[in-house]
Amino acid sequence: MRLLRLLLCGLLAELLLVTPVLADNTLLLTQSQLSQLQAHGPWPPVIKPDPSNRLSGNAEAIEFGRRLFFSTRLSGDNATSCVSCHAPEDAFASGRVIKNGLLELDRNTLSLFNVRFNRWFGWDGSNDNLWAQSMRPIVSTQEMKLPKQALRKVIRESTFLRSYQHFFGEISAHDDDLVLVNIAKALAAYQETLITKKTSFDKFREAVANKNWTNATQYPESAQRGLSIFLGKGNCSLCHSGPLFSNGEFHDAGVPYFIRPGVVDKGRHQGIIDLKKSPFTLASDYNDDLKKKGAWAVKKVARQHSNFGIFRVPGLRNVANTAPYMHDGSLETLEDVVNHYSDINIERLHADGEAILKPLNLSSQEVADLVSFLQSLSE
Amino acid sequence: MKLSVYLTGVFFMIYVAAEGLSFVDKPCEKPAAIELNVETIQLGEPFSFTFSLCDEKNSMPDRVTANAIMPAHQHGMNYTPTVTFDEDSNRYDISDFVFHMPGEWEITVSTYQNDEVTHYTKTVVIN
């Protein structure tokens, strides 16, 4: 009897020591969904330098780019910098209204986080590389308003001259376009470093991949239910695919493309026109990659009628921190976005466009769950 | 409306004139085939495959075109494929295909000879 008591005590002690403390959550996803969600990682992806930009990955160049990014010298009024619209404390994003309420743009300002992973840049994809995209706001007559002809003088008369000539040589030997491209490449080198960290979703994904079910059940059940909708009846992952939660292409999200009476935002349609006219694509001689590997996209992109009024699918990482939403910033909250898709009016979609979106008729609980999942993609 | 647009889309072809090329006189080894390894297709990345055409008359088509659609979504690709004829292999090299969404894609290769057109299709599923 005494021996039996000793054995029972030993067994109890062993159970207390080795039994893992299980979280209160349970695993709600099916085996198929657990497999499907692996496509949304790993995060971060493997980082490779951009061959089109000789400054990519260079620590000194990144610092040069950072100084440029935060400087107001790249503006016509010497009062605007990249940070004016892409402030770090605002997830490097803002809405349509910029410059402390002084200016309203036609489009929502995209976050610069994870921008290095894009194939197309801007809502309309009018650029196929980050340095060309970085030039645009500098010379824009709405935004930083610095003509390219004035940039050389700005650099010459600033503390940037030494860095410029260190990386690119004598500035007086460069024409206005080349000076602008070079400055933009430094800016791009800095922006490439803006990458979001792993989130609770990534930890969940890794736990599932490693079959660590204890850790997997740390992931909130509401986020799991939301993920189930995202992968399943929501069809969100069709466009918001891969580790970036974006396929990088252009789709009709049922958001009107009328900016104001008489003015239409043509979206990708105009974007391709502008792209094909641009002297700064990956097919140009400004591309530092002699093989021009990335140039296939600008050469082969097809201009189609259905491109009219459609916009690039933004990535969803950090989405909880980048309100407002959609190309025109018309939706204030993530709940608004989910409700937009839940109640979508398919009559507003292109007649000759894709047939993907349909009303989801989500319950309020399902909306909350989907929002919970989207929040788990944010730091 | 959507059906007619869909059918128009299926028959909308991108082509490259194969000037100055001729079929090498080889016996037919197997019927016409779209030859690709699905495992090599990465979502959102360009890929290539070959198309072999075995014609009893051993005559070359006037032109060959290639395209793909997602039947469930009624849309095609965003990039214009390239079709070239490789004399060494006696096959058509088809490149610059990009599947930007997961799901079922239907590839169609069409050959045009005078007034005749023949369509060859292959369905692939991308995860």
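Reply: Let's start with the area: chain A and chain B bury about 1700 Å² between them, with 54% of it on carbon and sulfur atoms. Buried area here is the accessible area (1.4 Å probe) that two parts lose on being put together, summed over both. Keep in mind that this is a predicted model, where local features need pLDDT of at least 70 and side-chain atom pairs count only at pLDDT 80 or more, while totals for chains, interfaces and linings use all residues. As for bookkeeping, residues are numbered from 1 along each chain as its sequence is written, chains are lettered from A and ligands numbered from 1 in the order in which they are written, and side-chain values use heavy atoms, with hydrogens and water left out.

On the chain A side, A:Leu238, A:Trp296 and A:Lys300 lose the most area to chain B, together 31% of what that side buries. In contact terms (heavy atoms within 4.5 Å), 21 residues of chain A meet 21 residues of chain B.

Two salt bridges link chain A and chain B, a salt bridge being a side-chain nitrogen of Lys or Arg within 4 Å of a carboxyl oxygen of Asp or Glu. A:Lys300 makes one with B:Asp96, and the closest N and O atoms are 4.0 Å apart. Helix α12 (residues 296–300) of chain A gives the most to the side that touches chain B, with three residues; helices here are DSSP runs of H or I, at least four residues, and strands are runs of E, at least two, both numbered from the N terminus. By class, that side of chain A has ten nonpolar, six polar and five charged residues. For the classes, Ala, Val, Leu, Ile, Met, Phe, Trp, Tyr, Cys and Pro count as nonpolar, Asp, Glu, Lys and Arg as charged, and the others, Gly among them, as polar.

There is also a contact inside chain A to hold up against this one. Chain A is divided into domain 1 (23–44 + 197–267 + 308–379) and domain 2 (59–191), with bounds from an automatic or database domain assignment. The area buried between domain 1 and domain 2 of chain A is about 1700 Å², of which carbon and sulfur atoms give 54%. In domain 1 of chain A, A:Leu244, A:Arg312 and A:His327 lose the most area to domain 2 of chain A, together 29% of what that side buries. Two salt bridges cross between these domains. In another salt bridge entry, the side chains of A:Arg260 and A:Asp106 meet at 2.9 Å, N to O. By class, the side of domain 1 of chain A that touches domain 2 of chain A has nine nonpolar, seven polar and six charged residues.

Where pLDDT is low, the predicted coordinates should not be read in detail.
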